[in-house]
Amino acid sequence: MVKRSRSRRVAEGAWGLVLLARVVGVTAVAALLLVSGAWDSWRTAQHVMLTKGREHGTMTLASCGDSVCTGPFVPKGTAVARPRVTIELPIRHTTGAKVPVAVEPGTSKVVRAGWGGVLFAWVPFGGALLLAAVVLAGGLRMRRTAWVLAGCGAALLAGAFLTL
């Protein structure tokens, strides 16, 4: 058995604490990224995914600015028709196009419905997956897990891009 001095044993223990703090810190940053991405996505996704009791229909794009389009809302079922609603869409649609939408309760704002709307609502989470992959690969050297996270994030972003 090798005899080590007290100062060496303290230094080795301190280095172990530094390594533990790095693992805990990087894990906390990755978890914070994922939770904040999911939280931001859920604010929009709940209106598209939880359809029971929500107003659904189509919106005809009457006028579009850089990121906001306005137009009339034609409901499906027993919802109330509205002469003007707004939607924030970076879309390739032109004026006069009909877009399936769901109305946010208590507002005149609508969100895109259908698979395109679901995937577009989860875009912030896709970005968070990509960022968390970089953090895990660089901070924890978990390359395989990082590749899986990055693949899921890229697939989500690509799906949103292709369905809009």
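Helices (H or I, at least four residues) and strands (E, at least two) are DSSP runs that are numbered from the N terminus, and two strands are said to pair if DSSP finds at least two bridges between them. The views below show a predicted model, in which local features need pLDDT of at least 70 and side-chain atom pairs count only at pLDDT 80 or more, while totals for chains, interfaces and linings use all residues. Residues are numbered from 1 along each chain as its sequence is written, and side-chain values use heavy atoms, with hydrogens and water left out.

**View 1. Confidence along the chain.** The pLDDT, which is the predictor's confidence in each residue on a scale from 0 to 100, averages 89 over the chain, and 98% of the residues score at least 70. Confidence is highest in helix 3 (residues 123-139), with a mean of 96, and lowest in strand 2 (residues 63-64), where the mean is 85. Where pLDDT is low, the predicted coordinates should not be read in detail.

**View 2. The hairpin between strand 2 and strand 3.** Strand 2 is joined to strand 3 by a hairpin that passes through 3 residues, and these two strands pair in the antiparallel sense over 2 bridges. Within this pairing, S63 stands opposite T70 in strand 3.

**View 3. The disulfide of C64 and C69.** A search of the whole structure finds 1 disulfide, a term used here for a pair of cysteine sulfur atoms within 2.5 Å. The disulfide joins C64 to C69, with 2.2 Å from S to S, and the link is right-handed, with 115° about the S-S bond. Accessibility is classed as buried under 20% relative accessible area, exposed over 50% and partly exposed in between, using a 1.4 Å probe and protein chains only. C69 counts as buried because its relative accessibility is 4%, whereas C64, at 36%, counts as partly exposed.

**View 4. Strand 1 beside strand 3.** Strand 1 (residues 56-60) pairs with strand 3 (residues 68-75) in the antiparallel sense, over 3 bridges. In this pairing M59 stands opposite F73 of strand 3.

View 5. The cysteine C69, which the disulfide joins to C64, has I87 in strand 4 as its bridge partner. The two strands form a hairpin with 6 residues between them, and in the turn G77 has a positive phi of about 80°.
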